[in-house]
Amino acid sequence: MEASFPRIGIAGAGAIGCTLAARLACSGRAVSLLARGATLEALRRDGVRLTDWQGHHRAAVTASNRGAELGEQDLLFLCTKAHDLPALLPAIEPMLGADTLVVPVVNGVPWWYFLGEGGRFAGQHVETVDPGGRLAARLAPPRLIGCVAFITAESPAPGVALTTNPLRMVFGEPDNRPSQRLERLCALVEAAGIEARASERIRDALWTKIIANLSSNPLSVISGATLEEVYTSPELHALVCDLLHEGLLVAAAYGARLELDPPGFLERGAAMGAVRTSMLQDHVRGRPLELAAIGDAVLELAARLDIPLPRSREIIALARFCSGRGRPC
């Protein structure tokens, strides 16, 4: 088991990428990070740094802005924003060998949603997150394993990650079958101090995260609220409940089996504390928002089944308006 995935690469050195890199490197694994700009300089100078609920961690990593310099990897985590993935393809191409396992650690509806699942839309791509199907054509099963990351993290400085909640990741084959490589991946992540679970219904976990994102991220941009505020403020309660119920409706239409009761969901969201959503973090820094994956893709999936989502459409439109102002709403 220890020899599994000797070459581990991470594309994207934001909050999630640095969290994963620090944990893996501190567990004794050699990690290569594809990064750029000030983050690349910080990683080369100071290594990757993480402060989490277990303390402070610092580790050396190999960092470069050129995939060819890092070389082919046995395991490659994609930790960029969903909207950056199509443009990332040329950069990661040199890191992809014939047997490289790709694990996308992204928010929202992934491009691989209809790949390998054998449903009504089997083999199709999700246009809002994969225009033209480029990702589905290059990064399709059996090359990839699905992933849902339940990690709340921020990057207060280049090459630095901060998280105050326990770290949990769920992995699964797109066709929902058990596999040895899935077991090896979970063992690797567990050894790095991150709770890892193998799922034979990866889209169930995916819908839980999609609904969490849909009910909090766009609304946080409009309101400036933390997760605790989103899920406890009386002024936002009706909006959150509408978003939650609309998400549950689409999930059920696609056959998801969710152990999710609305009151418990709201309590767990509030328990995350005064954490800013990743979308709010991007908004206050003037960065593009993941509205395509977190919002538009849900609307696309709903439209395929003629399900109206009036509240979600309204909140997503307002968040897009705020993002276009060039400053916080």
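Predicted model: local features only at pLDDT ≥ 70, side-chain atom pairs only at ≥ 80, totals over all residues.

Reader: Ok, how many cavities of 30 Å³ or more does the structure hold?

Author: Two. On a 1 Å grid over the protein atoms alone, a cavity is a set of points where a 1.4 Å probe fits but cannot get out, and lining residues have an atom within 4 Å of a point. Points are joined across faces, edges and corners, and the volume is the space filled by probe spheres set on them.

Reader: What lines the second largest cavity?

Author: V106, N107, G108, C147, V148, A149, L206 and K209 line that cavity, and its volume is about 40 Å³. By class, the lining has five nonpolar, two polar and one charged residues.

Reader: Which element gives the most to that lining?

Author: Strand β8, with three residues. Helices (H or I, at least four residues) and strands (E, at least two) are DSSP runs, numbered from the N terminus.

Reader: And how much space lies in the largest cavity?

Author: About 50 Å³. Its lining has nine nonpolar residues, one polar and no charged; W111 and A293 are among them.

Reader: Switching topic: what order do the strands of the open sheet come in?

Author: The order is β4-β3-β9, with mixed pairing; two strands pair if DSSP finds at least two bridges between them. The edge strands, β4 (55-59) and β9 (160-162), each pair on one side only. Strand β3 (residues 48-52) pairs with β9 in the parallel sense over three bridges, and R49 has V160 as its bridge partner in β9.

Reader: Which helix lies across those strands?

Author: That's α1 (residues 15-26), which lies across β3, β4 and β9 and runs at about 95° to β3. Contact here means heavy atoms within 4.5 Å. For the angle, axes are lines fitted to C-alpha atoms, for helices over the stretch in contact, and angles run from 0 to 180 degrees between N-to-C directions.

Technical notes:
Residues numbered from 1 in each chain as written. Heavy atoms only, no water. 1 Å grid on protein atoms, 1.4 Å probe; cavity = no way out; pocket = protein on both sides within 12 Å on 5 of 7 lines; lining within 4 Å. Nonpolar A, V, L, I, M, F, W, Y, C, P; charged D, E, K, R; others polar.
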